[in-house]
Every structure is written in structure tokens, then in C-alpha cells.
Amino acid sequence: MPGGRVPAAWASGTGQALIDRELYLPREWTKDRERCRRARVPDRVAFAVKPRLAEQMIDRAVPDLPQGRVWVAADEVCGRDGASAGTWRTWACPTW
């Protein structure tokens with residue numbers, strides 16, 4: 001499975017912007033600490049699936065966003081992850 005980025009974006013009636021990103025590293029990379037060091041990946045970076053990376057970014061962003069006005073959309077990778085669905089509902093709108 002290739003690596004890649006997991007982006008977070010904010011959109012409103014006046015525009016949109018990318019507000020955060022996490023680098024997804026395959027398990028093979030995170031197991032090879034020497035390879036990570038050569039690529040300047042900090043030792044504290046461990047393997048995480050894309051839905052967990054998305055949750056980390058949302059956790060960072062939610063305190064600065066308008067309460068009750070947040071919607072979370074995800075691709076099929078995060079959408080199939082049952083562990084995330086309830087958490088995202090909590091972030092998105094406390095009145096659900």
C-alpha cells in the first residue's frame with residue numbers, strides 16, 4: 001500500500017482552504033526505523049491508519065471552529081471505518 005497525505009479542509013459560503021494534513025506512512029516504513037531516520041521522520045511517529053490520522057486533525061481543528069456548524073465528510077477508506085462514525089457525529093453536531 002503506498003503512502004500519501006490525509007488532508008483536512010474547511011469550507012464555508014465565502015471560500016475554502018486546506019487547514020491541516022498528516023503524512024500516511026505504510027506499516028513497512030514505520031517498522032524500519034533506520035529508513036525513517038534517513039527520511040527525517042521523527043522517532044515518535046508510529047503507524048496509524050488513515051481514519052486515525054483524520055481524527056487527530058479533527059481533534060486539533062474543532063476547538064477553533066464554529067460550534068454546531070461542523071460537518072465531516074470522508075472518502076471510502078474513512079467511511080468504512082466503523083470506529084470513526086460515532087466520533088465524527090459527536091464533532092459534527094452535538095444535537096444529533
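Q: How much of the contact between residues at least 6 apart in sequence joins residues at least 24 apart?
A: In the protein chain, 47% of the contacts between residues at least 6 apart join residues at least 24 apart. Contact here means heavy atoms within 4.5 Å.

Q: Where does this model come from, and how are things counted?
A: This is a predicted model: local features need pLDDT of at least 70, side-chain atom pairs count only at pLDDT 80 or more, and totals for chains, interfaces and linings use all residues. Residues are numbered from 1 along each chain as its sequence is written, and side-chain values use heavy atoms, with hydrogens and water left out.

Q: Thanks! Which helices and strands does the protein chain have?
A: There are five helices and two strands, and from the N terminus they run β-β-α-α-α-α-α. Helices (H or I, at least four residues) and strands (E, at least two) are DSSP runs, numbered from the N terminus.

Q: How do β1 and β2 run, and how many bridges join them?
A: They run antiparallel, and nine bridges join β1 (residues 4-12) to β2. Two strands pair if DSSP finds at least two bridges between them. A hairpin of two residues connects β1 to β2. Ser12 has Gly15 in β2 as its bridge partner, while Arg5 stands opposite Leu23 in β2.

Q: Switching topic: what share of the residues is buried?
A: Buried residues are 28% of the 96 in the protein chain. Buried means under 20% relative accessible area, exposed over 50%, and partly exposed in between (1.4 Å probe, protein chains only).

Q: How many aromatic pairs does a search of the whole structure find?
A: It finds one. The rings of Tyr24 and Phe47 have centres 6.2 Å apart and planes at 70°, so this pair is edge-to-face. For the cut-offs, rings of Phe, Tyr and Trp (its six-membered ring) pair if their centres lie within 6.5 Å; planes under 30 degrees apart count as stacked, over 60 as edge-to-face and the rest as tilted.

Q: Is Tyr24 buried or exposed?
A: Tyr24 is buried, at 5% relative accessible area. Phe47, at 24% relative accessibility, counts as partly exposed.

Q: What sits over the ring of Tyr24?
A: The charged end of Lys50 does, 5.0 Å from the ring centre. A charge sits over a ring if NZ of Lys or CZ of Arg is within 6 Å of the ring centre and within 35 degrees of the ring normal.

Q: What about Glu22, which residues does it touch?
A: Not counting residues up to four places away in sequence, Glu22 touches Gly4, Arg5, Val6, Leu53, Gln56, Met57 and Arg60. Glu22 lies in strand β2 and is buried, with a relative accessible area of 18%.

Q: Which side chain does Glu22 join by a polar contact?
A: That of Arg60, at 2.8 Å. A polar contact is a pair of N or O atoms within 3.5 Å; within protein, one must be able to donate a hydrogen and the other to accept it, and residues adjacent in sequence count only if both atoms are side-chain atoms.
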